[in-house]
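Here's a quick briefing to read alongside the model. Have the sequence and the 3D view open as you go.

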Amino acid sequence: MDADFPDPTDWIPTPVPGLQALETSLRCQVCKEFFTAPKVTSCGHTFCSLCIRRCLSVSSKCPTCMKPDEEPRLRDNVIFSELVSSFTAIRKQLLDTLVKEKEKEEARKQAEEVAKREAEARTRVEKRSSGDRGDEDEIMEDAEPPHRPRGKRRRQDGVTPRRTQEIEAPRRSTRTSSQRTNSRISSQTVVSLDSDDDGDFQPNEEFSDDDFQSSARPKRKTATRVPDTPTKDSSLMACPVCGRLKDISTIEAHANRCLEARRSPSPTPGVSNGASSSSSPLKRQPVSFSNVSKSQHRPPYTAEERERLRLPKGNASLTKEADLRKKLRDIGIRCDVKGKETKQVLWARLQEWINIWNANLDSDNPKTKMALIRDLEVYERNQQNQKPSVVQDKGFEREAWSSSHNNEFEALVASARKSAAQKKENAEEAAATDRPSDSTGVQTELNGIGSPEIIET
Amino acid sequence: MSVSTAAVAPAAGSSNTTNVTKRLQKELMQLMMSPSPGTSAFPDDPCNLLKWTATIVGPDDTYFAGKTFKLSFAFPGDYPLQPPTVLFTTPMFHPNVDMAGRICLDILKDKWSAVYNIQSILLSLQSLLGEPNNKSPLNGQAAQLWDEDPKEYKRLLEKRHQEAE
């Protein structure tokens, strides 16, 4: 496991445990990572582009609320990608600062404690020397110190809920300076950050509640504000052939046109999404690939490009197996020649490719096609890895399987060695009495240990 | 396939930190830092996060109060898109659990969603203990007794549970 493993629970021991809730809502509920290319569903829930695409290809429902949804209805969640990038940029710094602050506070508390004890000791000595003036003084002195710091803490608690945003604000305001709230917060920031930078506050219940609300509420609003367009689109339906959203009244005509275009040998680019769209990204790819080799980083696609390159999901029953094979081979995806793989497997592979491809279009740092194909292979391998019933000559992934069973192998080898050693001893004893017949037995036994095939079977 | 590949494999395996493992690591962290009362879960083997053992404590005011039940979790390669296979490993007597420990619970089958996690499964199972779905029982006897003969139910449950010890 990684030693450095950022997780929302990192915030629990800090003076601001409410940041856990903030970070949790900046992470995708499916993969639990920070959002990559966040997409919002028509019901207002946000997921990584790839995660929601995979979910929707398993079942066409929002994973959170189970409302039916479709891929073409997904919309970018721009504010979330900004939030994630600004939060991840300051995360480490914020965590370090808070941890240090806590240490400072603990040191201070200890110092106070020591000072208090010293002061008490001194007053006692003084009292003893000045004669008994009564117990009430002593009670007063005992009662006072706990009061004072608490009052101080209260006062600062009023300020602290803002603090999390304050630390974030300077960076964020550069990105979204147009936002009213931000400019307001950052104007306060300058004052309060400097004035009460003592870190003399404690986490307590009411404070963390405050913090949770302040961090979680406005975000939910932004999440629900985005999907205005999809609700307006409710009379739209995805074309079964090309996957584009079309008005219900025109969908039939459109689908017919799509089908027509698929059948015709030389499809016109305007109509024939189903047939030509898989080749258009391919044509583009070599160009972008050369870009990458120069700069290592390709600028994200424009909205127009994305729409043009977006692959439609297609329809399983409308696609012939031979076409599927050809499509996959054209893209450059591994698929067997002899036709051992079923249409179902090929279809699943193409769907996953479309998911990966479309999600990559949404990404801020798009990968090359080669990288995407590798991703697809890794993804498939890991799936097969977990299904021993599917483990067969073709899809069988040796390395992964043997690594996961390495312990068993070692145990088997060890026990085989042990029993072999024992048998050898026995055999030697036996050989002492009856040499010619048994020595061959020992030989085969040893051969068995040496050759791995026998151990495995 | 030979042992030599097995020996090389761990190095190759490390690049295999899949989405599943990553997600399960996060869940483990969450469970350890803020566990929900009456439930616990931990991987059987730190090298293989795909098999877990979990425990739930029977909720108060149910037949199962105070009893602890062990469960096994097996996660598929496409978790969380597909649900884990969850079994009671402690002998169980419950309308929606068969004698082999298999569980009939909608969220583990068709109502599964990728946002559910180990914690939410454990909480659902905990509430299933108190509120079985007697309309589609896996254990007909248990379902019948649950409604008609609480005493006998309790007796059989105790008997089953003692098999664990």
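This is a predicted model: local features need pLDDT of at least 70, side-chain atom pairs count only at pLDDT 80 or more; totals for chains, interfaces and linings use all residues.

Residues are numbered from 1 along each chain as its sequence is written, with chains lettered from A and ligands numbered from 1 in the order in which they are written.

**Nonpolar core**
- The largest nonpolar core has 74 residues, and Val30(A), Cys48(A), Cys51(A), Ala54(B) and Ile118(B) touch the most other members.
- Such a core is a set of buried Ala, Val, Leu, Ile, Met, Phe, Trp, Tyr and Cys residues joined through C-beta atoms within 7 Å; buried means 20 or more other C-beta atoms within 10 Å of a residue's own, with C-beta atoms placed from the backbone.
- Helix H14 (residues 343-362) of chain A gives the largest share of this core, seven residues (helices are DSSP runs of H or I, at least four residues, and strands are runs of E, at least two, numbered from the N terminus).

**Helix pair in chain A**
- Helix H2 (residues 49-58) of chain A packs against H14(A) at an angle of about 150°, with axes 8 Å apart (axes are lines fitted to C-alpha atoms over the stretch in contact, and angles run from 0 to 180 degrees between N-to-C directions).
- H2(A) and H14(A) are therefore roughly antiparallel, a label for angles over 145 degrees.

**Chain B**
- Chain B has five helices and four strands, in the order α-α-β-β-β-β-α-α-α along the sequence.
- Buried residues make up 34% of its 165 residues.

Technical notes
A residue is buried if 20 or more other C-beta atoms lie within 10 Å of its own, exposed if 12 or fewer, and partly exposed in between; C-beta atoms are placed from the backbone. Angles under 35 degrees count as roughly parallel, over 145 as roughly antiparallel, 65 to 115 as roughly perpendicular and the rest as oblique.
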